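The sequence and the structure come first.

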Amino acid sequence: MNNYQYVSRKQLSPVKQNLIQIINSVQDDLRKDFTFRYDFVGSVKRNMVTYDVGTNIGYDFDVDIQVNDDECKFSAKEIKTKIRLALDKVAFHYGYDNAEDSTRVLTIKVKDKKNSKILHNCDFAIVNDYTDDNGNECQEYIRLNKKQRTYTWEEQPQGFYLLEEKAEWIKDCGYWKKVRDLYLDKKNHNSDQHKHSRSIYAETIHEICQKYGYYD
């Protein structure tokens with residue numbers, strides 16, 4: 001059994017402030033090319049950041065970066081590369097390694113190399129929020145195809161929107177504490193090392209909705 005616990009806002013606050021300073025520096029560095037806004041999302045926004053005190057993997061932050069490039073001057077590859085290089089210029093001042101470029105995000109990590117531990121990390125997704133022809137709120141993100149080393153704008157899967165809709169229903173009905181309790185229990189009983197926290201969160205939301213009568 002795992003030993004996950006929730007990280008308090010007080011614990012997260014100084015790390016979050018450092019990340020904001022890093023992001024602001026990246027904004028300043030890239031202003032000549034494009035501007036962007038950012039939002040802390042995922043477990044930080046939900047106040048559900050966890051860490052397992054018995055492992056060498058710390059907690060993580062998730063940030064959406066929305067680039068203002070309405071004239072499409074830059075390709076998906078150029079945007080992600082520029083942001084990665086700008087992160088590398090400043091993040092090391094705060095103890096982070098160079099950004100790692102993965103399929104959906106850029107990741108920076110603070111490591112305790114002496115004890116082979118990751119203290120915490122931050123994933124940056126580059127997204128574009130827009131309204132489609134039917135008036136629906138949509139989002140696309142920059143995706144790296146590792147085999148071809150190509151970068152493309154991809155639509156979020158339908159489940160992305162349904163999950164948010166279900167979570168809002170749960171909050172409106174006053175069941176959010178049940179989500180927090182079940183999510184932590186699931187993380188502590190999870191034996192699949194390849195199952196990501198977002199999958200466990202989605203399972204939690206689905207189970208609470210089923211139990212309390214949510215209908216699509």
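Lys-82 is partly exposed, with a relative accessible area of 26%, where buried means under 20% relative accessible area, exposed over 50%, and partly exposed in between (1.4 Å probe, protein chains only). This is a predicted model, in which local features need pLDDT of at least 70 and side-chain atom pairs count only at pLDDT 80 or more, while totals for chains, interfaces and linings use all residues. Residues are numbered from 1 along each chain as its sequence is written, and side-chain values use heavy atoms, with hydrogens and water left out.

Side chains of opposite charge can pair when their charged atoms come close. Lys-82 forms a salt bridge with Asp-33, the closest N and O atoms being 3.2 Å apart; the term stands for a side-chain nitrogen of Lys or Arg within 4 Å of a carboxyl oxygen of Asp or Glu. Because Asp-33 lies in the loop between α1 and β2 (35-41) and Lys-82 in helix α3 (residues 76-90), the pair ties together parts that are 49 residues apart in sequence. Helices (H or I, at least four residues) and strands (E, at least two) are DSSP runs, numbered from the N terminus. Asp-33, at 25% relative accessibility, also counts as partly exposed.

## A network of salt bridges

By the salt-bridge rule the count comes to 13. One of these bridges joins the side chains of Glu-203 and Lys-186, at 3.8 Å from N to O. The pair links distant parts of the chain, with Glu-203 in helix α6 (residues 197-212) and Lys-186 in helix α5 (residues 176-189), 17 residues apart. Glu-203 is partly exposed at 30% relative accessibility, whereas Lys-186 is buried, with a relative accessible area of 19%.

Glu-203 also forms a salt bridge with Lys-195, where the closest N and O atoms are 3.0 Å apart, and Lys-195 is partly exposed, with a relative accessible area of 30%. Through shared partners, salt bridges join Lys-186, Lys-195, Glu-203 and Glu-207 into one network.

## Cysteines

A search of the whole structure finds zero disulfides, a disulfide being a pair of cysteine sulfur atoms within 2.5 Å. Cys-72 is in no disulfide, and the nearest cysteine sulfur, that of Cys-138, is 16 Å away. Seen from Cys-138, the closest cysteine sulfur is that of Cys-72, and at 16 Å the separation is too far for a bond. Cys-72 is exposed, with a relative accessible area of 62%, whereas Cys-138 counts as buried at 13% relative accessibility.

## Two buried positions

Gln-139 lies in strand β8 (residues 137-145) and is buried, with a relative accessible area of 7%. Its side chain makes a polar contact of 2.8 Å with the side chain of Asp-129, and a polar contact of 2.8 Å also joins the side chains of Gln-139 and Gln-156. A polar contact is a pair of N or O atoms within 3.5 Å; within protein, one must be able to donate a hydrogen and the other to accept it, and residues adjacent in sequence count only if both atoms are side-chain atoms. Leaving aside neighbours within four places in sequence, the residues in contact with Gln-139 include Asp-64, Val-127, Tyr-130, Phe-160 and Tyr-161, contact meaning heavy atoms within 4.5 Å.

Val-15 lies in helix α1 (residues 9-30) and is buried, with a relative accessible area of 10%. With neighbours within four places in sequence left aside, Val-15 is in contact with Tyr-59, Phe-61, Tyr-96 and His-120. The C-alpha atoms of Val-15 and Glu-203, 188 residues apart along the chain, are separated by 29 Å.
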